[in-house]
Amino acid sequence: MSAQGVGLVDYDEAVSRFDPVLGLEVHVELNTKTKMFSGAPTEFGAEPNTQVDPTSLGLPGAMPVLNAKALESAIRIGLALNCSIAERCRFARKNYFYPDMPKNFQTSQYDEPIAFDGHLDVDVPASEDGSKPAFTYRVQIERAHMEEDTGKSLHVGGSTGRIHGAEYSLVDYNRAGIPLIEIVTRPLEGTGDRAPDVARAYVAALRDLLRALEVSDVKMEQGSLRCDVNLSLRPSPDAPLGTRSETKNVNSLRSVERAVRYEVSRHAAVLDAGRKVVQETRHWHEDTGLTTAGREKSDAEDYRYFPEPDLVPIEPDPAWVEQLRATLPEPPAQRRKRLQAEWGFSDPEFRDTVNAGAVELVEATVAAGAPPAAARKWWTGELSRRANAEGVELSALAVTPAAVADLQALVDAGTLTDRLAREALDGMLAGEGGAAEVVAARGLAVVSDESALVAAVDAAIAANPGVVEKIRGGKVQAAGALIGAVMKEMGGKADAARVRELVVERVGA
Amino acid sequence: MSTPVAELVRWDAARLSQALRAGVVSSEEVTRAHLDRIAAVDGPTGDPDGSGVHAFLHVDAEGALARARQVDADRASGAELGPLAGIPIGVKDVLTTRGMPTTCGSRMLEGWVPPYDATVVRELHAAGLVVLGKTNMDEFAMGSTTEHSAFGVTRNPWDPTRIPGGSGGGSAAALAAFEAPLTIGSDTGGSIRQPAAVTGTVGVKPTYGAVSRYGLVALASSLDQAGPCARTVLDTALLHAVIAGHDPYDSTSIPAAVPDVVGAARRGADGDLSGVRVGVVRELSGEGYEPGVLARFAEALDELRAAGAEVVELSLPNIVHALAAYYLILPSEASSNLAKFDGMRYGLRVVPDGEHVTAEQVMRATRAAGFGDEAKRRIVLGTYALSAGYYDAYYGSAQKVRTLVQRDFTDAFGKVDVLVSPTAPTVAYRLGEKLDDPLAMYAGDVATIPANLAGIPGMSLPAGLSDGLPVGLQVLAPQQADDRLYRVGAALEARLVAKWGGPLLARVPEWKGVPA
């Protein structure tokens with residue numbers, strides 16, 4: 001049941017009768033060392049109220065000074081989104097009372113954003129079952145502006161962790177004043193039934209772009225990338241825009257997609273019932289996959305904006321802006337196409353690499369001399385399993401791309417079998433040293449002494465006359481038993497292929 | 001020691017500086033003399049409505065004496081000290097002082113002890129000045145009489161039944177009552193200059209951005225400016241030189257060299273203003289100005305002419321709208337600046353009775369109890385003026401008027417070097433006289449407000465007495481030409497003091513408190 005008590009309409013049915021229009025607002029926490037307007041540190045997860053100073057606590061008399069690095073990041077984001085950069089712009093005060101806002105106004109940009117009128121081309125992948133094709137959608141960017149984050153309220157007591165029913169509330173101002181960039185799209189029209197896919201692909205593309213710019217941690221689960229989804233329906237693409245809802249707290253790519261689907265179904269049900277969609281803020285619930293109504297948001301909500309008199313206008317030197325443009329990384333989508341071609345990966349292989357978060361790691365491993373296919377197998381296979389088992393990011397494993405390349409070189413040289421290589425990896429992850437060191441210390445190298453192998457093969461033949469009969473009788477696959485015996489005898493440190501050759505040769509089949 | 005200690009409090013800072021450097025007196029002696037004077041005339045602590053001057057809200061005798069002894073020790077060890085090292089000073093209670101209460105004259109901040117010093121206070125410490133304590137003011141610097149202090153009125157040393165001006169009445173009265181030779185004020189629409197005028201002292205509002213606002217609790221950010229107050233033009237310049245300069249903690253502070261204000265004050269003291277063009281602002285005299293004020297102003301113009309200045313009258317047509325624009329811009333900015341006082345983090349916190357009290361209810365109760373009437377009046381005005389649908393008509397129009405006023409000044413300073421006017425239309429009125437008539441009180445700011453709107457520097461200095469009460473003359477100069485104030489001010493001061501046969505403050509009656 002939705003808040004308006006009219007149930008839901010099946011998604012496919014809803015998009016067959018209504019035209020969805022999306023709008024996405026993404027807040028990005030910048031990874032600057034200090035806050036937007038003061039020198040307070042910005043470490044994530046620190047003890048409450050330790051990353052503060054007079055300005056970020058809003059103490060009487062304290063004043064803001066713009067963080068130059070934050071401005072630089074804002075301009076680079078704007079340029080990467082193909083925006084125009086304002087020659088002159090100001091901050092404004094957004095006035096409202098809330099305990100997690102130290103000054104009871106947020107210093108933000110209002111009608112003078114630092115970047116405006118841009119776009120981002122987004123590759124929307126084909127649906128899993130292949131029924132809907134891949135395509136590219138151009139997302140029009142209305143603006144990217146700078147603002148400061150608020151603190152965080154913690155409601156203690158009560159069952160829900162929400163303000164209602166709580167015994168008391170605590171406020172942590174560590175996050176207050178963290179630099180944010182808010183990126184706002186224009187209404188995304190013409191997405192049709194692919195609206196959820198477009199929304200997800202846009203946020204994913206934005207995340208990749210921000211990561212490539214190295215301006216943010218872009219961790220949705222930690223809130224350094226937060227997405228608000230605006231959605232409205234209209235009877236047809238020619239009709240005027242319908243009333244929108246704004247869904248907050250959509251903090252994973254999957255949730256972006258699900259929240260859009262849910263809201264499409266909900267709006268359709270409201271409209272089918274002959275009611276009006278309420279313009280309101282809604283909250284996304286990851287666990288139930290539902291949105292619930294928050295505060296009603298009328299256009300009359302009055303923040304009493306006015307230009308921030310404690311900050312001077314920003315007038316970025318055009319020469320500096322051009323210097324920043326020269327620092328932009330290769331666009332992620334373009335870079336991916338280039339790497340896929342260079343590496344010769346199939347589409348599924350490359351998608352696996354991307355999904356594993358291994359593109360940079362594979363790239364570095366290849367740069368250290370490993371063949372691309374081998375590098376991919378390591379990072380998307382064995383190393384991904386280990387990272388999952390340890391519950392860490394792939395890049396947080398205690399092994400570098402160069403070390404992986406060294407390991408692979410030993411495999412390619414025939415010094416290690418795949419099984420031995422995995423054992424060597426154990427030692428490397430345990431901090432026993434590089435590939436060569438671990439192989440030496442653990443005695444893992446393949447036995448290359450031919451006479452020892454021959455002796456072991458002969459011993460196995462002598463010990464298994466029945467098997468030998470079968471092989472001679474044409475059952476070549478029976479050789480496996482002899483190979484296994486030899487491998488066991490050699491403690492696994494033999495090249496199985498060479499053993500097979502020797503078995504066949506000595507049996508004389 | 002040959003100098004009677006009681007006499008030390010009558011010395012100006014320049015004379016104290018010489019005596020300290022010559023080893024005639026120690027900073028400890030000078031500091032103790034002022035603390036004794038405060039104890040004698042300021043009234044007993046905890047008796048704010050008694051018969052004392054009540055210039056101070058907080059006196060830090062221990063801290064001041066300790067600092068004085070430190071400066072004496074530094075001097076004895078041959079350390080290089082600034083000209084004002086070892087000299088006591090009072091600081092308006094609107095500037096944060098680490099470890100010393102800062103109330104802004106409001107119940108809202110009663111008992112709040114800031115964890116950091118304002119940049120101005122840091123500069124004072126760095127220059128070796130001895131902070132005696134914090135001076136009284138209208139709540140959050142809103143008012144022209146100091147009657148809006150939550151902690152009781154300050155009395156005018158010339159007549160204890162009269163206002164000392166405001167909002168910085170404490171800083172001005174402390175000078176006129178010889179409780180401190182130097183004080184720091186802040187001026188949003190005249191809060192340094194008008195108190196200086198009605199107490200017979202000198203006060204300067206520097207160019208906007210010349211003195212850091214970091215740690216100056218904001219009333220109206222685009223108008224506020226801290227500045228020096230003293231009994232002579234030279235002392236004011238010496239203090240100006242200490243507190244002015246670029247501050248990376250205040251992005252509106254000017255990244256340029258401070259004009260040589262001390263040099264200008266010394267140069268002006270020869271009383272010669274040959275070649276200086278002085279403009280008399282036609283709109284800032286005549287109707288609404290008391291005859292006694294106009295008479296002293298006219299005599300001062302004669303002195304300027306006698307000093308060789310070329311005096312011309314000119315018109316700044318838009319400044320008649322300055323008062324109206326100011327009383328929209330100020331409340332608008334103030335409504336936002338004062339929003340932070342909500343009982344959540346520091347200062348007063350009022351929790352209403354009942355179960356399940358919300359944060360919003362605590363905020364409401366705290367603000368209802370913590371702010372006085374004048375603060376509430378301006379918060380309501382400003383909130384209204386910034387509201388959607390009214391912004392353009394009020395705040396937007398006021399900013400346009402502000403631009404026109406700035407343009408008028410630019411035009412005027414194309415013709416003259418400085419402008420002059422009476423500082424205030426009247427002499428000090430009686431306590432309570434305009435308490436119920438805010439518009440009449442606001443009208444007293446008519447001559448000082450234009451400088452704040454335009455961001456230009458202004459000085460008030462004594463021009464004589466009317467019915468036994470001081471009259472102030474205002475000098476205005478272009479942005480970043482603060483030195484012109486000091487040259488013209490020092491020249492006029494030299495000639496007037498010669499004419500009077502001594503400083504005006506020599507005539508301030510000995511403090512006897514309020515007549516029964």
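A residue counts as buried here if 20 or more other C-beta atoms lie within 10 Å of its own, with C-beta atoms placed from the backbone. Keep that cut-off in mind for the tour, and remember that this is a predicted model.

**Stop 1: a strand inside chain B**

Select residues 458-466 of chain B, which form strand E10. Seven of the nine residues are buried, so the strand is largely enclosed by the rest of the structure.

Strands of a sheet pair through backbone hydrogen bonds, either parallel or antiparallel. Which way does E5(B) run against E10(B)? Show residues 202-205 of chain B and you will see that E5(B) pairs with E10(B) in the antiparallel sense, over three bridges. To find one of these pairings, pick Gly203(B), whose bridge partner in E10(B) is Ser460(B).

Next, show residues 469-476 of chain B, strand E11. E11(B) is joined to E10(B) by eight bridges, and the two strands run antiparallel. Then zoom in on the turn: E10(B) and E11(B) make a hairpin with two residues between them. In that turn, Asp467(B) has a positive phi of about 55 degrees.

**Stop 2**

Zoom out and colour the strands of chain B. What is the order of the strands in the open sheet? Reading across, it goes E1-E3-E2-E4-E6-E5-E10-E11-E9-E7-E8, eleven strands with mixed pairing. The edges are strand E1 (56-59) and strand E8 (310-314) of chain B, each pairing on one side only. On average, neighbouring strands of the sheet are turned by 30 degrees against each other, direction ignored.

For a parallel pair, select residues 277-281 and 418-422 of chain B, which are E7 and E9. Three bridges join these two strands, and Val280(B) has Val420(B) as its bridge partner in E9(B).

**Stop 2: chain B as a whole**

Show chain B as a cartoon and you have 17 helices and eleven strands in view. The radius of gyration of chain B is 22 Å, close to the 24 Å that the globule rule gives for 516 residues, so chain B is as compact as a globular protein of that length. Along the principal axes, the C-alpha atoms of chain B fill a box of roughly 70 × 55 × 50 Å. Buried residues account for 62% of the 516 residues. Among the contacts in chain B between residues at least 6 apart in sequence, 75% join residues at least 24 apart.

**Stop 3: where the chains meet**

**Stop 5**

In soluble globular proteins, nonpolar side chains tend to be buried together. The largest nonpolar core here has 245 residues, and those with the most contacts inside it are Ala144(A), Ala199(A), Tyr202(A) and Ile89(B). Select residues 195-213 of chain A to see helix H3, which gives the most to this core, with ten residues.

Centre on Ala144(A) and display what it touches: among its contacts are Ala74(A), Ile77(A), Leu81(A), Pro113(A) and Ile183(A). Another core lies apart from the largest one and has 40 residues, including Val362(A), Met428(A), Val438(A) and Ala456(A).

**Stop 6**

Most residues other than glycine have a negative phi, and most peptide bonds are trans. A few places to check against that:

- Glu214(A), in the loop between H3 and strand E10 (225-234) of chain A, has a positive phi near 60 degrees. Glu214(A) is exposed, with 12 other C-beta atoms within 10 Å.
- Phe178(B) also has a positive phi near 60 degrees, and sits in the loop between H6 and strand E4 (182-186) of chain B. Phe178(B) counts as buried, with 25 C-beta neighbours inside 10 Å.
- The peptide bond from Gly166(B) to Ser167(B) is cis, with omega near 10 degrees. Ser167(B) lies in the loop between strand E3 (130-135) and helix H6 (169-176) of chain B.

**Last stop: Arg17(A)**

Finish at helix H1, residues 11-17 of chain A, where you will find Arg17(A). Draw a C-alpha to C-alpha distance from Arg17(A) to Leu233(A): they are 9.6 Å apart in space and 216 residues apart in sequence. Arg17(A) is partly exposed, with 13 other C-beta atoms within 10 Å.

Notes: Residues numbered from 1 in each chain as written. Chains lettered and ligands numbered in written order. Predicted model: local features only at pLDDT ≥ 70, side-chain atom pairs only at ≥ 80, totals over all residues. Helix = DSSP H or I, 4+ residues; strand = E, 2+ residues; numbered from the N terminus. Pairing = 2+ DSSP bridges. Axes fitted to C-alpha atoms, helices over the stretch in contact; angles between N-to-C directions. Rg over C-alpha atoms; globule rule 2.2 N^0.38 Å. Contact = placed C-beta atoms within 7 Å. Core = buried A, V, L, I, M, F, W, Y, C linked by C-beta atoms within 7 Å. Lists of a residue's contacts leave out its neighbours within four places in sequence.
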